[in-house]
Amino acid sequence: MSLQALQLSVELGLIYSLLALGLMISFRILDVADLTVDSSFTLGAAVSAVFAVGEGSIFGIPFASHPVLALVLATLAGAAAGLVTGLLQTKLGVQPILAGILTMTGLYSINLHVMGRSNLAVPADATVFEGIKALLGEEYGELILLLLIAAVLLAVVTLFFKTQLGMSIRATGDNEDMVRSSSINADFTKLVGLAIANALVALSGGLLAQYQGFADISMGIGMVIIGLASIIIGEVILGKKTVFRRALAAIVGAVIYRIIIALAMRINMNQNDLKLISAIIVTVAVAYPTVKHYVARKLKRKGKSAC
């Protein structure tokens, strides 16, 4: 693999690491299977593309191109999507998986309305990357910016989950019944957790739209698998004893995952098989502890019978 291809893989991995961070919050900390991700990722990309391109209007009010504001609005849109899923779960009693599916399905139409079409091109000069390349250089400007964003969000997520609200969210994921008996509003902590998770996912989508120069209605398909693969790969390497390790594992895992995909492309693997590879990686990683325990138990029984 060339140095340029490796750098590209690392840059994409850093973008997807925000998706993995969001999934880490919902799947690992809140213990909620949130399927909103596939559409909140696209929502972030759509909002980011529309406001980066500019030359449009909202309620008759025109707006100009503003790439940074586009990312902020994409993040807020993702948080709103997470709130909808949370409200379906907490206030209407909808099961978490079904709530995610309902929000994901509804967002498909919303994303089409946001973009006005199935895909939208983003000119290179209308992205945050163009400005940073002019400041830091063409070669490493994008990489430095993405490293800074990932580092800042790693610090913010780690510090947030050490606050009282953050620890309440963690406690809700560990034992919701105990949290409710302790007079903590578990519904509120779920809403906040899902909003933050989907905000990070949407920011990832917004960055990707500006990075690759377009947003597409189908770009969010399979994001849950990609995020889970990243989390599991990272946890195998770094562990998951603390929030910092879990967050760092999500970032490192996303980068390694993109490098694995780049290597698979290097050997001329069919692109149609990439989602299958991701599914296999997740399956193997999830099943590994069970298989390991089964083998150890068999070996222990075999040792006893030999004696």
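Which helix holds T85? T85 lies in helix α3 (residues 67-90).

## Basis of the model

This is a predicted model: local features need pLDDT of at least 70, side-chain atom pairs count only at pLDDT 80 or more, and totals for chains, interfaces and linings use all residues. Residues are numbered from 1 along each chain as its sequence is written, and side-chain values use heavy atoms, with hydrogens and water left out.

Helices are DSSP runs (H or I, at least four residues), numbered from the N terminus.

T85 is buried, at a relative accessible area of 0%. Buried means under 20% relative accessible area, exposed over 50%, and partly exposed in between (1.4 Å probe, protein chains only).

Leaving out residues up to four places away in sequence, T85 touches D34, T36, A99, G100, T103 and L194. Contact here means heavy atoms within 4.5 Å.

## Two domains

The chain divides into domain 1 (3-269) and domain 2 (275-307). These bounds come from an automatic or database domain assignment. The domain centres, taken over C-alpha atoms, are 32 Å apart. Domain 1 gives 9 residues to the contact and domain 2 gives 8.

Together the domains bury about 740 Å², 87% of it on carbon and sulfur atoms. Buried area is the accessible area (1.4 Å probe) that two parts lose on being put together, summed over both. On the domain 1 side, I225, I232 and Y257 lose the most area to domain 2, together 48% of what that side buries. Across this interface there are 0 salt bridges. Helix α10 (residues 223-238) supplies the largest share of the domain 1 side, 5 residues.

## Salt bridges

A salt bridge is a side-chain nitrogen of Lys or Arg within 4 Å of a carboxyl oxygen of Asp or Glu. The count comes to 5. One of them joins R28 and E235, with the closest N and O atoms 2.9 Å apart. R28 lies in helix α1 (residues 3-29) and E235 in helix α10, so the pair ties together parts 207 residues apart in sequence. R28 is partly exposed at 29%; E235 is buried at 10%.

K91, E176, R180, D187 and K190 form a network of salt bridges. Within this group, D187 meets K91 at 3.9 Å, N to O. D187 sits in helix α9 (residues 186-212) and K91 in the loop between α3 and α4 (96-115), 96 residues apart. K91 is exposed at 56%, whereas D187 is buried at 14%. E176 meets K190 at 3.1 Å, N to O.

Notes: Helices (H or I, at least four residues) and strands (E, at least two) are DSSP runs, numbered from the N terminus.
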